[in-house]
Amino acid sequence: AGEPTVRQIVELYLSQNARLSASAMWFSGSSLSTLTNAITLEAHVKPVRVTSSFQDFTIMSQKSRWKLYITGSTGELVFSDFGTRVSSSIAIAPGVWSHVAAIVGNGSASLYINQQNIASIAYTGTLHTIAGALTGSHLVVGAEHVMSPGPRPDNGFRGFIFETRVWKTVKSAAQLSASATNTIASSSANLLHYARFNDGPSSTRHGQAMGSGTFDHSSTAIHGQFQNIRTILPAAPIWQPND
């Protein structure tokens, strides 16, 4: 409420043209250290490419802890904690908006596309603890934070992202459906991250240079900043009119 109209009509475009240089939005103060084995991840995405012979397309990730991505080999939605992997077994549709989610905990790991459960497996794992070398395990939207040859973003998403959410709880299918397409309260219980990516090129609300970041609407309030800005065409990350 009360936000300039420009924040209501834009979305974020991300792209990667070279290895280890994916454009992304980094929430670099957020280690999400309270995440262990009860997680719900959500995103609204419109990929323009879902298959590749040399990369995956990461929606969001934490270095050495977990990632939600589209696998380049088959175009399927995947959640991985780098030990256990659950795959959708069906390809994500390019060029259309989809709500995607991973719900992990209580003995299972499940994937949802547009509120439909499309994969579930038994899950008894626990995410790696944030400690030592992992203290820099920030939340990255649009890329995977890899270590070699040094901390670099790779496996970048190719397309549009409008919203990402991270919860430290296992949401039910009914809870997921009830809020998937709605704006939610910043004070929602167990909400650790909530970026709507409608800040736009004129916003400084996130505390960064104009147009170079996004506001985290969760009570954590750890705002995002562009990384690997590429000005040669196709430029990325950039704000695009929302369709």
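In the predicted model, the side chains of Lys67 and Glu144 form a salt bridge, with a nitrogen-to-oxygen distance of 3.1 Å. This pair connects distant parts of the chain, since Lys67 belongs to strand β5 (residues 66-70) and Glu144 to strand β12 (residues 144-146), the two residues lying 77 residues apart. Both partners, Lys67 and Glu144, are buried.

The search of the whole structure that identified this contact found three salt bridges. Another of them pairs Glu42 with Arg165, whose closest N and O atoms are 3.7 Å apart. Here, too, distant parts of the chain are linked, with Glu42 located in strand β3 (residues 39-47) and Arg165 in strand β14 (residues 159-167), at a separation of 123 residues. Glu42 and Arg165 are both buried.

Arg165 also takes part in a salt bridge with Glu163, in which the N to O distance between the side chains is 2.9 Å. With a relative accessible area of 1%, Arg165 falls under the 20% cut-off and is therefore classed as buried. The relative accessibility of Glu163 is 7%, a value that is likewise under 20%, so Glu163 is also counted as buried. Through these contacts, Glu42, Glu163 and Arg165 are joined in a network of salt bridges, in which Arg165 is paired with Glu42 and with Glu163.

Notes:
Residues numbered from 1 in each chain as written. Predicted model: local features only at pLDDT ≥ 70, side-chain atom pairs only at ≥ 80, totals over all residues. Heavy atoms only, no water. Salt bridge = Lys/Arg side-chain N within 4 Å of Asp/Glu carboxyl O. Helix = DSSP H or I, 4+ residues; strand = E, 2+ residues; numbered from the N terminus. Buried < 20%, exposed > 50% of the residue type's maximum accessible area, 1.4 Å probe, protein only.
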